[in-house]
Amino acid sequence: MNGKRVVITGTGAISSVGNSVPEFWDAVVAGKCGIGPITRFDASEYRTRIAGEVKNFDVSKYMPFKEAKRLDLFCQYAIAATAEALENAGLPQDLRESNLDLSRIGVLVSSGIGGLMTLSEQHQTLLERGPGKVSPFLIPMMIGDLASGNISIRTGAKGPNMGIVTACATGSHSIGEAYWMIQRNDADMMICGGAEASIVPLGLAGFCALKALSTRNDDPLHASRPFDAQRDGFVMSEGAGVLIIEELEHAKRRNANILAEIIGYGATGDAYHITSPHPEGEGAAKAIKIALDHAGINPEDVDYINAHGTSTELNDKYETMAIKAALGEAAKKVAVSSIKGTIGHSLGAAGGLESIACVKTLQTGVIPPTINYEFPDPLCDLDCVPNTARQGNPEVAVNINLGFGGHNACLAISPYEVAAE
């Protein structure tokens with residue numbers, strides 16, 4: 001591992017199974033599924049009528065209602081997860097109240113789709129009431145970079161500030177690129193991750209038209225079944241996963257509680273197809289290899305992989321091939337699970353939430369299960385930790401996320417205390 005060391009000092013989560021990291025993690029370990037019938041609108045005419053909605057979200061905990069009305073839901077989720085991450089990191093909600101150099105603190109919290117709810121609602125307003133009734137907040141509520149923009153405005157962070165769009169790899173790419181910003185000395189601290197809130201009629205209709213979603217409408221708790229032979233598509237969900245990452249010496253100077261360390265990151269493109277991963281998982285395998293190379297570790301050093309594991313036919317098959325290609329014989333021994341059976345597929349937020357799951361796995365030694373695994377698929381023949389969490393002693397966790405357009409992201413994370421000083 002070369003360059004500056006980058007550690008994780010805070011985490012925050014909004015998800016279909018809980019609106020804090022403890023709630024999220026407890027549900028993931030227990031295999032408590034957050035998927036159910038869609039409640040926000042009448043989905044009776046859709047092929048898929050289920051999703052992993054965030055429940056009992058109280059925006060008033062984070063901002064006045066008047067302010068919330070000017071933010072799309074994905075931004076509200078991003079701000080809420082950031083608030084928990086800052087508190088977890090021992091930092092004030094307004095960083096201007098600290099003695100930190102604000103110009104060295106950046107934000108990279110991104111969304112794969114952005115403010116689809118706002119766009120849909122304001123388009124309807126345009127059609128029904130005319131252009132004069134469209135909200136002046138349409139554009140700043142809709143564009144995906146406003147998660148980072150609003151977090152920066154609220155916290156006072158003046159360092160690198162942007163949003164990345166790589167579909168379902170967005171969250172992991174945001175963490176990985178934030179990691180490189182610290183590595184190359186552009187920042188000392190980054191607020192990073194992903195947020196998504198696209199369970200709206202237009203979003204659901206679009207994914208239904210792709211025939212990408214599960215149609216197990218009568219059995220939502222078992223609809224998302226990664227690596228299972230009877231999987232029939234992913235289940236949309238939403239939320240946000242945000243991490244506070246810091247240069248090691250910066251974290252030490254403020255006596256931060258270090259949760260884990262990012263030791264490697266890989267990013268590649270398939271150059272193949274807009275929705276299908278590369279056959280044989282070539283691009284994803286390369287991303288894994290790059291992350292391990294940056295970390296200076298061997299395939300046999302990997303103890304746990306949090307797979308993208310979407311519960312679609314092609315992803316799970318090709319991702320299995322990618323892991324085998326990247327790890328070789330070591331792939332037979334590594335624990336590989338997908339938490340999307342529990343939380344659903346939160347799209348741009350997936351990388352943030354699933355990286356948090358890796359951090360918790362390293363902290364607790366508990367490897368989360370792949371739930372709803374009933375029928376083995378010979379093409380997905382890795383150890384997918386079926387149905388029940390497993391106690392272990394993992395020292396390296398790898399998070400994989402893949403996105404439409406052929407985007408591949410891989411993060412390698414280890415406990416800070418096992419890394420050599």
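**Reading the helices and buried residues of a predicted model**

Q: Which residues make the contact between helix 1 and helix 13?
A: Helix 1 brings Val21, Phe24 and Trp25, while helix 13 brings Leu353, Ile356, Ala357, Lys360, Thr361 and Thr364. By class, the contact of helix 1 with helix 13 divides into 6 nonpolar, 2 polar and 1 charged.

Q: Why is helix 7 called roughly perpendicular to helix 13?
A: The axes of helix 7 and helix 13 cross at roughly 70 degrees and come within 5 Å. The range for roughly perpendicular is 65 to 115 degrees, so helix 7 is roughly perpendicular to helix 13.

Q: What meets what where helix 7 and helix 13 touch, and how do the residues divide by class?
A: On the helix 7 side are Gly171, Ser172 and Ile175, and on the helix 13 side are Gly351, Gly352 and Ser355. This contact of helix 7 with helix 13 has 1 nonpolar, 5 polar and no charged residues. Gly counts as polar here.

Q: How do you know that His173 is buried?
A: His173 has a relative accessible area of 7%. Buried means under 20%, so His173 is buried. His173 sits in helix 7 (residues 170-183), and its side chain reaches the backbone oxygen of Asn408 at 3.1 Å.

Q: What makes the approach of the His173 side chain to Asn408 a polar contact?
A: The distance from the side chain of His173 to the backbone oxygen of Asn408 is 3.1 Å, and the cut-off for a polar contact is 3.5 Å. Among the residues that His173 touches beyond four places in sequence are Tyr265, His407 and Ala409.

Q: Why is Ser346 called buried?
A: The relative accessible area of Ser346 is 0%. Under 20% means buried, so Ser346 is buried. Ser346 lies in the loop between helix 12 (340-343) and helix 13, and a polar atom of its side chain lies 3.2 Å from the backbone nitrogen of Ala350. Ser346 and Met236 are 110 residues apart in sequence, yet 6.2 Å apart in space, C-alpha to C-alpha.

Q: Is Leu347 buried or exposed?
A: Leu347 has 2% relative accessibility. Since the limit for buried is under 20%, Leu347 counts as buried. Leu347 is found in the loop between helix 12 and helix 13, and has a positive phi of about 55 degrees although it is not a glycine.

Q: What makes Asn185 count as partly exposed?
A: Asn185 has 39% relative accessibility. Buried means under 20% and exposed means over 50%, so Asn185 counts as partly exposed. Asn185 lies in the loop between helix 7 and strand 5 (189-196), and has a positive phi of about 70 degrees without being a glycine.

Q: Which residues touch the most other members of the largest nonpolar core?
A: They are Ile8, Phe24, Met190 and Ile245, in a core of 41 residues. Helix 13 gives the most to this core, with 6 residues. Apart from it lies another core, of 38 residues, including Val54 and Ala157.

Conventions:
Residues are numbered from 1 along each chain as its sequence is written. This is a predicted model: local features need pLDDT of at least 70, side-chain atom pairs count only at pLDDT 80 or more; totals for chains, interfaces and linings use all residues. Side-chain values use heavy atoms; hydrogens and water are left out. Contact means heavy atoms within 4.5 Å. Helices (H or I, at least four residues) and strands (E, at least two) are DSSP runs, numbered from the N terminus. A nonpolar core is a set of buried Ala, Val, Leu, Ile, Met, Phe, Trp, Tyr and Cys residues joined through side-chain atoms within 4.5 Å. Buried means under 20% relative accessible area, exposed over 50%, partly exposed in between (1.4 Å probe, protein chains only). A polar contact is a pair of N or O atoms within 3.5 Å; within protein, one must be able to donate a hydrogen and the other to accept it, and residues adjacent in sequence count only if both atoms are side-chain atoms. Axes are lines fitted to C-alpha atoms, for helices over the stretch in contact, and angles run from 0 to 180 degrees between N-to-C directions. Angles under 35 degrees count as roughly parallel, over 145 as roughly antiparallel, 65 to 115 as roughly perpendicular and the rest as oblique.
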